[in-house]
Amino acid sequence: SQHYKWIAGLVPYLDRRVRVYEKCGLLWSYESAAVVDRLESYGGRVCVTCGELACAHASPVERRRVAIVTSVWDEHIDGVSITMNRVATYLEQSPVEDVLVLTPHDPQVPEPAVKGLDRIPKFSTGSIPVFALIGRNDYVMGAPLAKASSDVLTSYDPDVVHLVSPDILGFSAQRWARDNGVCAVCTYHTQIDRYVRFYTAKHSLLDKLRPRIAVQKLFSTFYGGCDVVAVPNSAIADKLVLKMGIPRAKIGLFPRGVNATQYNPGKRSKALRAKFGADDSNVVVLWAARLVPEKGADLFADAFVALFNNKTLLEHYPGVIDRIRIVVVGSGPSRAQMEAALPPDRTVFFGHLVGDELRAAYASSDVYFFPSHTEAFPNTLLEAQASGLAVLAPAYSVNRALVPAGSGHLVDEHAGAEEFADGLFTLLRDPRYRRAIGKEAVRVARNRTWAKAFDGLTTCYDRCKALRR
């Protein structure tokens with residue numbers, strides 16, 4: 001046909017077409033019309049995989065085929081899944097790119113948590129509930145590529161395999177790429193070496209194994225096996241080169257962006273501030289995150305406890321302390337502990353927010369308290385900057401790269417609750433300073449666009465042209 005061509009899985013076609021088409025959600029009795037309709041619904045070009053069948057629209061325009069292999073996609077919402085959703089959507093909408101996603105299915109998640117990704121073809125791989133070993137049941141890890149997954153990749157014949165995580169699935173996809181002469185581009189998302197101490201400390205044997213060093217060696221092996229390593233900023237590039245021995249020649253840049261039309265001070269809402277228990281005289285301190293230990297949940301709560309228990313401040317500046325309101329957006333296993341620690345008359349827990357509700361929550365706040373020391377690129381910090389908030393954060397390398405002088409209030413990299421309490425008080429007491437750094441933060445954020453971010457990523461893909469064997 002001039003409209004589509006079969007590229008794999010057609011022998012013996014007549015014997016199994018009913019079973020295969022059922023996997024595609026099509027009725028074989030009018031299969032021709034259904035296939036054409038399916039192709040048209042995907043813009044007439046995207047590859048569709050289902051069971052043993054793969055089809056692709058024949059197009060006069062040559063498109064780069066990108067296979068994304070990721071352990072988080074649409075069943076869980078976190079910084080990695082949000083970023084990869086954006087990447088795949090960009091590729092799907094591009095006239096010169098094509099995308100296929102391979103990702104594990106979590107049997108505990110009956111429906112995707114993220115909507116609106118139906119146009120992006122997805123093939124489900126196996127999964128392993130490995131995170132349950134450290135008391136986290138909210139994630140699964142992708143199992144190694146099985147024959148069905150490998151057959152799908154072979155049928156798709158990608159120009160680039162985009163690997164997201166240095167896990168079992170990621171290593172097996174990296175091996176597939178190497179064996180098949182396909183360029184592997186790996187994006188760096190998570191500083192797992194900074195995460196592990198929050199969980200292994202509970203297990204004395206694991207802690208004695210020096211897990212941070214073990215993770216760094218694992219990273220060195222994984223990223224060293226990538227053709228291109230796309231990092232979010234120069235701080236992570238230096239870490240990979242200096243601590244993990246990744247050749248600098250392999251490093252590419254995939255920064256992150258923010259949509260300034262969606263995130264901006266104009267989204268501020270008096271009605272929403274009223275739900276916060278705040279009027280114009282109050283100072284609203286926001287945090288939006290997964291409420292887990294590695295994100296700084298304990299430090300966030302402890303800083304407010306230190307502030308509210310500072311008798312000197314309460315005695316000399318009672319009006320300043322009384323003005324504070326705390327808003328927490330997100331969910332996770334640390335929520336109950338945080339609720340017990342923070343004053344209920346000053347604190348609102350909103351759970352998970354998305355879209356316009358999340359944007360309004362940012363813009364209707366005044367300070368963004370970001371306690372984490374573990375992020376490779378904190379998307380929420382960038383969203384807070386674009387919304388005009390005064391950022392309070394630790395001055396570790398990533399934050400120093402994202403928060404230039406005058407655009408936020410950074411405390412010492414190793415600051416504890418008392419130092420963060422002092423930072424909160426500074427921002428509470430000095431509205432002129434608070435507004436000035438919030439205004440500068442907007443200017444900084446507007447220079448970080450998704451267009452620039454995707455230019456960086458596609459430049460990393462472009463490097464594969466010379467590397468493909």
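Let's start at T187, which sits in strand β10, residues 183-187; strands here are DSSP E runs of at least two residues, helices are H or I runs of at least four, and both are numbered from the N terminus. This is a predicted model, where local features need pLDDT of at least 70, side-chain atom pairs count only at pLDDT 80 or more, and totals for chains, interfaces and linings use all residues. Residues are numbered from 1 along each chain as its sequence is written, and side-chain values use heavy atoms, leaving out hydrogens and water.

T187 is buried at 0% relative accessibility; buried means under 20% relative accessible area, exposed over 50%, and partly exposed in between, with a 1.4 Å probe and protein chains only. Its contacts, meaning heavy atoms within 4.5 Å, include M84, H162 and F254.

Now, which cysteine does C183 pair with? C183 is joined to C464, S to S 2.1 Å, and a disulfide here is a pair of cysteine sulfur atoms within 2.5 Å. C183 is in strand β10 and C464 in helix α22, residues 464-467, so this pair links parts of the chain 281 residues apart. Both cysteines, C183 and C464, are buried.

Strand β10 also holds C186, whose partner C226 lies in the loop between α9 and β11, so this pair ties together parts 40 residues apart in sequence. The C186 to C226 distance is 2.0 Å, S to S, and the link is left-handed, with -90 degrees about the S-S bond.

Note on methods:
Lists of a residue's contacts leave out its neighbours within four places in sequence.
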